[in-house]
Amino acid sequence: MKIPFNKPFTIGAELENIAAAVREGHLAGDGRFTRQCHRWLEQNLGAKRALLTHSCTAALEMAAILCDLQPGDEVIMPSFTFVSTANAFVLRGAVPVFVDIRPDTLNLDEKLAAKAVTPRTRAIVPVHYAGVACEMDALMALARARDLVVVEDAAQGVLAEYKGRKLGAIGHLGCLSFHETKNVISGEGGALLINDERFVARAEIIREKGTNRAQFFRGEVDKYTWVDIGSSFLPSEVIGAFLWAQLERAGEINARRVGLCATYREELAALEAGGLLRLPQAPPAGVTGNGHMFYVLLPDPAARARLIAHLKSLGIHSVFHYVPLHSSPAGRKFGRAAGPMTVTDDISGRLLRLPLYYGLDEADARRIAAAVRAFFGR
């Protein structure tokens, strides 16, 4: 039996909700299911306003517009992240300033971020890798001291916490993903969380193609018109209908993934004790993960390539993760590194992600772990 790296799933009323949306005759954006998703995100995450988008990339692009960047402005972010984190700001003419990551959490190193601030810095984009929180107290203090906007890339962090607060709802703005590879899914999809009141009204306008359409439908203006830049960032109601069924059971989804991570850790602990690989370190105090991914760190890139091939021969699909943005062609063209990328370069060559999805059962996880142990002759 083959085990894929990821497998999309339904957990409840996804198909029934889609059928209901069709029957109700509203398939464009901001129908009943989308509004229910908005309320759930606001109530369960603590955001002042939540707006569904057609992707986390779209949410990041909205956030970049809200930062009101000018050409040449700088935005601090890790290099070990997906291209959308940087691309959203490059589209506004800003310069991504890449900062190295911490060796424990693989998140933006908050001390190096502070050193990377210049008079051109306008924003910081912490990326919560694997659903484990960045050191947000330090980053928010830095933002307050230097009048910077914090945009949380919480694509992997739905319902994960930092000191009792949900990821995405701590910075001025937060961006979530509901892509089929994430915990809670809608195929494609995302959300922008607005946690600072000053951004709420403009966020609605940007999302509605630069018009005040939302105000019109609330009866606040007698007609709607073009008032700002924007684009069509709304997802269809089909996306909202699917997502609503998943949000209703988001806690259950995360609990299952956390349990699978615990199984992997138990099964592979002896390999770590023997110095053959490294497992994810326990989150810092006050940080609660959501089981988004489970990775292992191999001794070197060659060992990782051999393990990928070994698992593939057994029908198990494992993957490496990001090629660091600072070393990519576009990263070199549009951004710059604030200093050495020692940890990023090292980790990116050795990290291997094991299969993890809602439909994976404990027996599958034990089989995968056994295959990893067999690779090492254990």
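Predicted model: local features only at pLDDT ≥ 70, side-chain atom pairs only at ≥ 80, totals over all residues.

Reader: Is R249 buried, partly exposed or exposed, and why?

Author: The general idea is to look at the relative accessible area: under 20% means buried, over 50% means exposed, and partly exposed is in between. R249 has 31% relative accessibility, so it counts as partly exposed.

Reader: Which residues does R249 touch, leaving aside those up to four places away in sequence?

Author: Those are I11 and G12. For a distance across the fold, take R249 and V184: 65 residues separate them in sequence, while their C-alpha atoms are 8.8 Å apart in space.

Reader: Let's turn to strands. Why can β3 be called largely enclosed by the rest of the structure?

Author: Burial is again the thing to count. Four of the five residues of strand β3 (residues 95-99) are buried, so the rest of the structure largely encloses this strand.

Reader: How do β2 and β3 run, parallel or antiparallel, and how many bridges join them?

Author: Strand β2 (residues 74-78) and β3 run parallel, joined by five bridges. Then follow the chain between strands, where β2, α4 and β3 make a β-α-β unit that is right-handed.

Reader: In what sense do β3 and β12 pair?

Author: β3 pairs with strand β12 (residues 336-337) in the parallel sense, over two bridges. Here V97 is the residue that stands opposite R336 in β12.

Reader: What is the strand order in the open sheet that has three strands?

Author: The order is β7-β6-β10, and the pairing is antiparallel. To spot the edges, look for strands that pair on one side only, as β7 (165-166) and β10 (287-288) do. Strand β6 (residues 161-162) is joined to β10 by two bridges, and E161 stands opposite T288 of β10.

Reader: Now for the open spaces. What volume does the largest pocket have?

Author: Its volume is about 510 Å³. The lining has 25 residues, and those closest to the centre are F82, S177, T181, K182 and Y322. Two elements give two or more residues to that lining, α3 (56-66) and α4 (83-90). With three residues, α3 gives the most.

Reader: How many nonpolar, polar and charged residues line the largest pocket?

Author: By class, there are nine nonpolar, twelve polar and four charged residues.

Reader: How many cavities of 30 Å³ or more does the structure hold?

Author: The structure holds one. A cavity differs from a pocket in that a probe fits inside but cannot get out. The largest cavity has about 40 Å³ of space, with a lining made up of A201, E204, I205, T211, N212, R213, A214 and Q215. Helices α7 (200-207) and α8 (213-217) each supply at least two residues of that lining. Its classes are three nonpolar, three polar and two charged residues.

Reader: Last topic, the backbone. Which phi value does D30 have?

Author: D30 has a positive phi of about 60°, although it is not a glycine. You'll find D30 in the loop between α1 and α2. Its relative accessibility is 22%, so D30 counts as partly exposed.

Reader: And where is D147 found?

Author: D147 is in the loop between α6 (136-146) and β5 (149-153). Its phi is also positive, near 55°, in a residue other than glycine. With a relative accessible area of 69%, D147 is exposed.

Technical notes. Residues numbered from 1 in each chain as written. Heavy atoms only, no water. 1 Å grid on protein atoms, 1.4 Å probe; cavity = no way out; pocket = protein on both sides within 12 Å on 5 of 7 lines; lining within 4 Å. Points joined across faces, edges and corners; volume = space filled by probe spheres on them. Nonpolar A, V, L, I, M, F, W, Y, C, P; charged D, E, K, R; others polar. Buried < 20%, exposed > 50% of the residue type's maximum accessible area, 1.4 Å probe, protein only. Pairing = 2+ DSSP bridges. Right-handed = clockwise from strand over helix to strand, strands pointing away. Contact = heavy atoms within 4.5 Å.
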